[in-house]
Amino acid sequence: MLSFASAIADWFRDPSSTPSTGPRTPLPNTTHASNLATFFCLSRPTPTRPALPPELILQILAHPTRWLLTHVGTANAVRVSNKDLPIITLPPFTTVEIKTLQRIIFRFRSKDQGHSWDRVNHGTYGGSWTWFEAVVRNGKPCGPDGPDLHGALEDKVRKRFELQRNRHAGMRFEDYEIVFEDGDVRMTELKSLLSEGDVLELRACARFPAWVNNIDEAKVEVWCLDDLGKRR
């Protein structure tokens with residue numbers, strides 16, 4: 001029985017136990033309630049196995065397929081010219097979410113205006129003046145209705161992370177996916193900056209009047225470890 005439990009723990013701990021070469025995708029239907037039920041069931045003995053120790057159960061629940069989708073934001077088609085525009089703003093982070101933050105996925109489908117005088121950089125990412133940023137800012141309102149001016153929002157910005165430039169003079173929409181993973185440099189810095197009440201934005205940026213950031217769609221997902229405590 002103990003060897004069976006060890007095998008379970010090893011499978012969840014060892015990425016080579018799955019044929020996929022990429023990160024395991026969390027399951028969208030995983031909920032805090034289902035994780036609590038899993039813990040309850042595994043901590044009780046059955047006719048075919050003993051109760052699993054809490055430490056082993058927590059290792060199982062730390063597997064990416066048991067993470068919680070705590071925030072998701074989407075954006076439809078939008079056209080941005082000569083400015084920075086927040087196209088997705090997630091709800092404020094809680095202390096628990098910051099502590100258990102594991103992965104943030106930014107997805108967008110975009111292109112620039114499709115032409116420029118700088119023919120040398122056509123088809124490359126050089127000399128591109130349309131791009132995307134992840135922005136961490138204080139989400140606490142500065143008035144009864146919160147900050148309603150761009151300048152007021154900028155005063156609250158803690159950090160801007162450049163995510164991706166559009167292909168220079170791109171003729172077709174392209175799909176991009178940028179992942180912040182627990183333990184990498186960007187996620188480590190982001191978590192060190194976050195405080196309760198802060199928000200995360202996906203901004204579409206374009207500089208100079210002739211440059212246009214065309215977004216077909218965008219999505220941001222935030223995945224957190226379930227510590228089995230109260231989520232709020």
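Student: What is the mean pLDDT of the protein chain?

Tutor: pLDDT is the predictor's confidence in each residue, from 0 to 100. The mean for this protein chain is 84, and 80% of its residues reach 70 or more. This is a predicted model, in which local features need pLDDT of at least 70 and side-chain atom pairs count only at pLDDT 80 or more, while totals for chains, interfaces and linings use all residues. Residues are numbered from 1 along each chain as its sequence is written, and side-chain values use heavy atoms, with hydrogens and water left out.

Student: Where does pLDDT stay under 50?

Tutor: One such stretch is residues 11–24, for which the model has 17 contacts beyond four places in sequence; a contact means heavy atoms within 4.5 Å. Another is residues 143–149, with six contacts beyond four places in sequence.

Student: How many helices and strands are there in the protein chain?

Tutor: Helices (H or I, at least four residues) and strands (E, at least two) are DSSP runs, numbered from the N terminus. The protein chain has six helices and nine strands. Among its contacts between residues at least 6 apart in sequence, 82% join residues at least 24 apart.

Student: How many of the residues count as buried?

Tutor: Buried means under 20% relative accessible area, exposed over 50%, and partly exposed in between (1.4 Å probe, protein chains only). Of the 232 residues of the protein chain, 41% count as buried.

Student: Which residues touch the most other members in the largest nonpolar core?

Tutor: A nonpolar core is a set of buried Ala, Val, Leu, Ile, Met, Phe, Trp, Tyr and Cys residues joined through side-chain atoms within 4.5 Å. The largest one here has 30 residues, and Ile-104, Phe-106 and Leu-202 touch the most other members. Elements that give two or more residues to this core include β3 (84–89), β5 (130–138) and α6 (185–193). The most comes from β9, with five residues.

Student: Which residues of helix α3 are buried?

Tutor: An α-helix has 3.6 residues a turn, so residues three or four places apart point the same way. In helix α3 (residues 54–61), the buried residues are Leu-56, Ile-57, Ile-60 and Leu-61. They lie on the same side of α3, because they cover an arc of only 140 degrees around the axis. That arc is taken from the directions from the helix axis to the C-beta atoms.

Student: How many salt bridges does a search of the whole structure find?

Tutor: Side chains of opposite charge can pair when their charged atoms come close. A salt bridge is a side-chain nitrogen of Lys or Arg within 4 Å of a carboxyl oxygen of Asp or Glu. The search finds 16 of them.

Student: Which parts of the chain does the pair Arg-107 and Glu-177 link?

Tutor: In this salt bridge, the closest N and O atoms are 2.8 Å apart. Arg-107 is in strand β4 (residues 101–111) and Glu-177 in strand β7 (residues 174–181), so distant parts of the chain, 70 residues apart, are linked. Arg-107 counts as partly exposed, at 29% relative accessibility.

Student: Are Glu-201 and Arg-203 buried or exposed?

Tutor: Glu-201 counts as buried at 1% relative accessibility, and Arg-203 counts as buried at 0%. Their side chains meet in a salt bridge (2.7 Å, N to O). Elsewhere, Asp-84, Glu-133, Arg-160 and Arg-207 are linked in a network of salt bridges.

Student: Where is Pro-92 found, and what is it in contact with?

Tutor: Pro-92 is in the loop between β3 and α4 (95–100), and is partly exposed with a relative accessible area of 39%. Leaving aside neighbours within four places in sequence, Pro-92 is in contact with His-71, Glu-97, Gly-197, Asp-198 and Val-199. Asp-198 is also the salt-bridge partner of Arg-158.
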